[in-house]
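Could you walk me through this model, starting from a single residue and ending with the way the parts of the chain meet? I'd like the cut-offs spelled out along the way.

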Amino acid sequence: MEALRDEPLWTPAVQRPRSLHEAWELKRTFGRDGVYVAGSTLLRTQWEAGTVSMPKSLIDLRGIEDLADIDEDGGGLSIGALADLSRCRRSAALGHMAPAVQEAVRCIAAPAVRNLATIGGNIASGYGDCLPALLVCDAELAVFDGKFLSRRRVEEWLADRWSGMHPQEDILTGIWLAPPAGPAGSRRIEIFRKVGRREAFTPSLVTVAIGCFIDSEGRLSGVKIAAGGGSGRPQRLDIAEAVLEGASIGKEQLASVFEAVVTQFETYGDPFATVEYKKKTAGNLIVAELWKALEGSAGKGDH
Ligand SMILES: Cc1cc2nc3c(=O)[nH]c(=O)nc-3n(C[C@H](O)[C@H](O)[C@H](O)COP(=O)(O)OP(=O)(O)OC[C@H]3O[C@@H](n4cnc5c(N)ncnc54)[C@H](O)[C@@H]3O)c2cc1C
């Protein structure tokens, strides 16, 4: 890290491709000397901290048309990778379709940063706070590989991203959210919570997200639970999910969920919090939010 700090500063050349294909070709030509840039809010913090070196060329994606739109489409929602976080935060359609994703966006940074920061940059980092929320919404990511645009489940994309096998030239073009479909008469529960070192405007230590349906008898189905935080890998917690699938939430289930989260959640220690603290925080947040959701549904009947 010290070595990076000691590197001489230079002004990188800025490339402004007008199409996905042009951007992809530039990246292939420059290799590690060229970096895709959207809002550059994360890159700037990495350059300042000296964790990433300034590249020779920046490939600015913002000149590519139609990548910033948020459109309702065939009952689902398509969000362009270049949609800024302020826009995502204001989108009524996103709030309706995926409230956990909107809450994640709401908790990121301050307005000045959110006006520049894009949802695509948040995801492309591999650890942005939106990712646990996207995991519980079964989101798909649209990716351009130089020839084709394909859609991949966020979970598969994350596995590649963290395996190191992910092609560096791939461009994330958008997010697709299908309308959540649960059993007849059930109600959708979707939650995102973040814990940081301060109440607001702070990087996350731990984030959790929950998505499920609850029927009139209090039984849960389609349970998805995810956790992440900081620069840790966002992940599904399928042992805790299995405890809840088909069950009615009671104190017994909640104790098992807590244990399952603490056992399965893979995280890392940092100068502000130990691994143990983060695991317990994730367990407590998930249990507390499920308990609140249960209380909220008591006596509500069918919807
Ligand atoms: C004060 C401050 C507070 C912050 N707080 C938070 C927080 O609470 N939670 C959080 O998650 N983040 C936080 N961030 C980080 C950052 O603002 C967000 O993650 C933001 O969404 C990143 O988007 P961007 O457009 O600025 O990405 P950029 O910085 O432009 O890019 C980020 C990375 O993604 C790549 N990239 C960008 N777009 C694409 C694309 N379409 N296809 C392929 N690769 C791409 C870039 O090459 C780079 O590696 C904070 C930043 C600051 C400065």
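Helices here are DSSP runs of H or I with at least four residues, strands are runs of E with at least two, and both are numbered from the N terminus. This is a predicted model, where local features need pLDDT of at least 70, side-chain atom pairs count only at pLDDT 80 or more, and totals for chains, interfaces and linings use all residues. Residues are numbered from 1 along each chain as its sequence is written, and side-chain values use heavy atoms, with hydrogens and water left out.

Let's start at Gly 120, which sits in helix α8 (residues 119-124). Gly 120 counts as buried because its relative accessibility is 6%; buried means under 20% relative accessible area, exposed over 50%, and partly exposed in between, using a 1.4 Å probe and protein chains only. Setting aside neighbours within four places in sequence, Gly 120 is in contact with Ala 81 and Leu 172, where contact means heavy atoms within 4.5 Å.

Now for two loop residues. Ser 40 lies between β2 (34-37) and α3 (41-49), and its phi is near 65°, a positive value in a residue other than glycine. With 26% relative accessibility, Ser 40 counts as partly exposed. Asp 66 is in the loop between β3 (57-60) and β4 (70-73), also with a positive phi near 65°. Asp 66 is exposed, at a relative accessible area of 59%.

Zooming out, the chain splits into domain 1 (10-53 + 67-179) and domain 2 (187-297), with bounds from an automatic or database domain assignment. Their C-alpha centres lie 24 Å apart, and 27 residues of domain 1 are in contact with 24 residues of domain 2. The area buried between them is about 1,800 Å², with carbon and sulfur atoms giving 64%; buried area is the accessible area (1.4 Å probe) that two parts lose on being put together, summed over both. In domain 1, Asp 129, Pro 132 and Val 136 lose the most area to domain 2, together 31% of what that side buries.

What about the charges? There are three salt bridges between the domains, each a side-chain nitrogen of Lys or Arg within 4 Å of a carboxyl oxygen of Asp or Glu. Separately listed is the salt bridge between the side chains of Lys 194 and Asp 129, at 3.4 Å, N to O. On the domain 1 side that touches domain 2, α6 (99-106), α9 (130-136) and α10 (154-163) each supply at least two residues.
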